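These entries record what I looked up in one protein structure.

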Amino acid sequence: MNTNLVYSEYFSAQTGNKVYLKPENMQYTGAYKVRGAYYKISTLSEEERAKGLITASAGNHAQGVAYAAKIYGVKATVVMPTTTPLMKVNRTKSYGADVILYGDVYDEACAHALKLAEENGYTFVHPFDDLAVATGQGSIAMEIIKELPTVDYILVPVGGGGLATGVSTLAKLLNPKIKVIGVEPAGANCLQESLKADKVVTLPSASTIADGTAVKTPGKLLFPYLKENLDDVITIEDDELIVAFLDMIENHKMVVENSGLLSVAALKHLDVKGKKIVSILSGGNMDVITMSSVVRFGLIERGRVFTVSVLLPDKPGELVRVAQVIAENQGNVIKLDHNQFVSTNRNAAVELRVTMEAFGHEHKEQIVKALEEHGFRPKIVKPNF
């Protein structure tokens, strides 16, 4: 399905560029992966399809293969890491695929899928290290350039490199002047390390909240294309993804999974002005539990929710005094914890922890300062909510 570009006034104003979003989170399966899976299956012979397909995926490729296999009437088996969000597992099953949970990360699931393919004669469909799959993902670049011929930069998330290979290779064929920047999680920067070493390397671990790009080894078949066609690789910390999620929800009303937010967080890392930039939002398959956690930490990161601890004499009226100061400074209390056992001398001190909403860091500091001026000694502590 073609996904039309969305112009972002918010990110354009923030960066001084003209920023467009390529919303692959709006694909039928919730991610771009269906493009490569569908194209790959279309290139298989009847005999290869009849054997049944098997693949490994942290979620989005799984759904792409399951959906494409259903269209072609082919049996599909998908091996997913045990850490895969339940929503992605259930969605994959809903398209008719058999799901096997194995391993802690994608690489372990993939090794198991290859073993099963050998034992059972299945046709293996690699989620990224396959030139036909990468070619299918490249259709994104064709759509971008058709809609925005004057694009200067394309930012593309990188896990194993299939999306980045397809997009960068086709973009450079159509217009060599377009700069294509790969974006990886800092905790799973396998491509960046491989480019430094000038050969494919495997990271000892892949630790990131961007589960769709938690890959330890980039595609060996893809590496020459990535080396040739990517202009740079940027890495993003998990904290930046949390903030980007809030930005996307509040300003574009779109749910984008952490891997898809890599290209949004990367906008602040580009030292350019006045350019036309497209950020590819690779997917939107985020389960509700992960979403609630990201929102909570995002609010804390932005200074929109915080907790202060104050020590008070254990006598009537002290809580009212604290509440009055907070109210006068427009703080909104959402939780109170009163601990009378913080000290053996209750007359000397009991602890009051107040969790409240603020407009941001400046407002938060205003409230804390007001409490200090009224004789309280507030200490910022980790919120517990």
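**Entry 1: helix 9**

How many residues does helix 9 have, and what distance does it reach from its first C-alpha to its last? I noted at the outset that the model is predicted. Helix 9 runs over residues 162–174 and has 13 residues. From first C-alpha to last it reaches 18 Å, which is close to the 18 Å expected at 1.5 Å a residue.

I then asked how far helix 9 is enclosed by the rest of the structure. Ten of its 13 residues are buried, so helix 9 is largely enclosed. I listed the buried residues as Gly162, Leu163, Ala164, Thr165, Gly166, Val167, Ser168, Leu170, Ala171 and Lys172. Among the elements that cover them I found three helices, namely helix 7 (131–137), helix 8 (139–147) and helix 11 (223–229). The cover also includes strand 7 (153–157), strand 8 (179–185) and strand 10 (276–281).

**Entry 2: the cavity**

Searching the whole structure, I found one cavity of 30 Å³ or more. The space in this largest cavity is about 290 Å³. It is lined by 26 residues, of which Tyr32, Lys33, Gly159, Gly212 and Thr213 are the closest to its centre. Helix 4 (60–72) and helix 9 are the elements that give two or more residues to the lining. Helix 9 gives the most, with three residues. By class, I recorded ten nonpolar, twelve polar and four charged residues in the lining of the cavity.

I then looked up the open spaces. The largest pocket holds about 350 Å³ of space. Of its 24 lining residues, Thr83, Pro85, Thr208, Ile209 and Asp211 are the closest to the centre. Helix 14 (residues 288–301) supplies the largest share of this lining, four residues. I sorted the lining of the largest pocket into twelve nonpolar, seven polar and five charged residues.

The second largest pocket holds about 180 Å³. Its lining includes Tyr106, Asp107, Cys110, His126, Phe128 and Lys220. By class, this lining has five nonpolar, three polar and three charged residues.

**Entry 3: Lys40**

Is Lys40 buried or exposed? I located Lys40 in helix 2 (residues 33–43). Its relative accessibility is 14%, and residues under 20% count as buried, so Lys40 is buried. Leaving out residues up to four places away in sequence, I found that Lys40 touches Val125, Asp130, Ala132 and Val133.

Terms used. Residues numbered from 1 in each chain as written. Predicted model: local features only at pLDDT ≥ 70, side-chain atom pairs only at ≥ 80, totals over all residues. Heavy atoms only, no water. 1 Å grid on protein atoms, 1.4 Å probe; cavity = no way out; pocket = protein on both sides within 12 Å on 5 of 7 lines; lining within 4 Å. Points joined across faces, edges and corners; volume = space filled by probe spheres on them. Nonpolar A, V, L, I, M, F, W, Y, C, P; charged D, E, K, R; others polar. Buried < 20%, exposed > 50% of the residue type's maximum accessible area, 1.4 Å probe, protein only. Contact = heavy atoms within 4.5 Å. Expected span 1.5 Å × (residues − 1).
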